Amino acid sequence: MNIDKFGRTPIYEQIVNVVEKEILTGVLKPMDQLPSVRELAMELSINPNTIQKAYQELERRGLCYSAPGQGRFVSSDSVLRLKEKSMLRLNELCELARELMRAGISEEEIVAAIKNSAENVGKENGNA
């Protein structure tokens, strides 16, 4: 797990983002056990409270659950929840595009900006 300890994004959010990505890409599958707070804190050399905060956020989002005495596990519907969240975000993007067009921004400019953003994400992920 790559975490930027000096980045702008809080460490617990980075952990949540990595777990979400691993769920969506199939690295983590439903019912897989997550590392214990202690294990992950030692692996990443960060405070266990930070891991606990990330895990609590994942639970709040319904992406994992705790089994007392057994650990934390990826929820059976985690992929569906993440895909639904992505579809909501896509709908927000469509609404934003409509607002921009009403404000005089051309469709070509909007598409170019989205493509540029996607290319930058691809570069960040090592796809370009």
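Buried denotes a relative accessible area under 20%, exposed one over 50%, and partly exposed the range in between (1.4 Å probe, protein chains only). The model is predicted, so that local features need pLDDT of at least 70 and side-chain atom pairs count only at pLDDT 80 or more, while totals for chains, interfaces and linings use all residues. Residues are numbered from 1 along each chain as its sequence is written, and side-chain values use heavy atoms, with hydrogens and water left out.

**View A. Met31 in the loop between H1 and H2.** Helices (H or I, at least four residues) and strands (E, at least two) are DSSP runs numbered from the N terminus. Met31 is partly exposed, its relative accessible area being 47%. Although Met31 is not a glycine, its phi is positive, at about 80°. Most residues other than glycine have a negative phi.

**View B. Ser45 in the loop between H2 and H3.** Ser45 is likewise not a glycine and has a positive phi, of about 55°. With 56% relative accessibility, Ser45 counts as exposed.

**View C. The crossing of helices H1 and H3.** The axes of H1 (residues 11–24) and H3 (residues 48–60) come within 8 Å and cross at roughly 50°. Axes are lines fitted to C-alpha atoms, for helices over the stretch in contact, and angles run from 0 to 180 degrees between N-to-C directions. H1 and H3 are therefore oblique to each other; angles under 35 degrees count as roughly parallel, over 145 as roughly antiparallel, 65 to 115 as roughly perpendicular and the rest as oblique. The crossing of H1 with H3 is right-handed, a term for a near helix turned clockwise from the far one by less than a right angle, anticlockwise being left-handed. H1 contributes Ile11, Tyr12, Ile15, Val16 and Val19 to the contact, and H3 contributes Thr50, Ile51, Lys53, Ala54, Glu57 and Leu58; contact means heavy atoms within 4.5 Å. These residues comprise 8 nonpolar, 1 polar and 2 charged. In this classification Ala, Val, Leu, Ile, Met, Phe, Trp, Tyr, Cys and Pro are nonpolar, Asp, Glu, Lys and Arg are charged, and the others, Gly among them, are polar.

**View D. The crossing of helices H2 and H3.** The axes of H2 (residues 37–44) and H3 come within 8 Å, crossing at roughly 120°, and the two helices are therefore oblique to each other. H2 passes H3 in a right-handed crossing. Val37, Leu40, Ala41 and Leu44 of H2 meet Pro48, Ile51, Gln52 and Tyr55 of H3. By class, the contact of H2 with H3 has 7 nonpolar residues, 1 polar and no charged.

**View E. Glu57 in helix H3.** Glu57 is buried, at 15% relative accessible area. Its side chain makes a polar contact of 2.7 Å with the side chain of Arg61. A polar contact is a pair of N or O atoms within 3.5 Å; within protein, one must be able to donate a hydrogen and the other to accept it, and residues adjacent in sequence count only if both atoms are side-chain atoms.

**View F. Arg72 in strand E2 (residues 71–74).** Arg72 is buried, with a relative accessible area of 14%. Its side chain makes polar contacts with the side chains of Glu59, at 2.6 Å, and Ser66, at 3.4 Å. Beyond neighbours within four places in sequence, the residues in contact with Arg72 include Asp32, Gln33, Leu34 and Tyr55.
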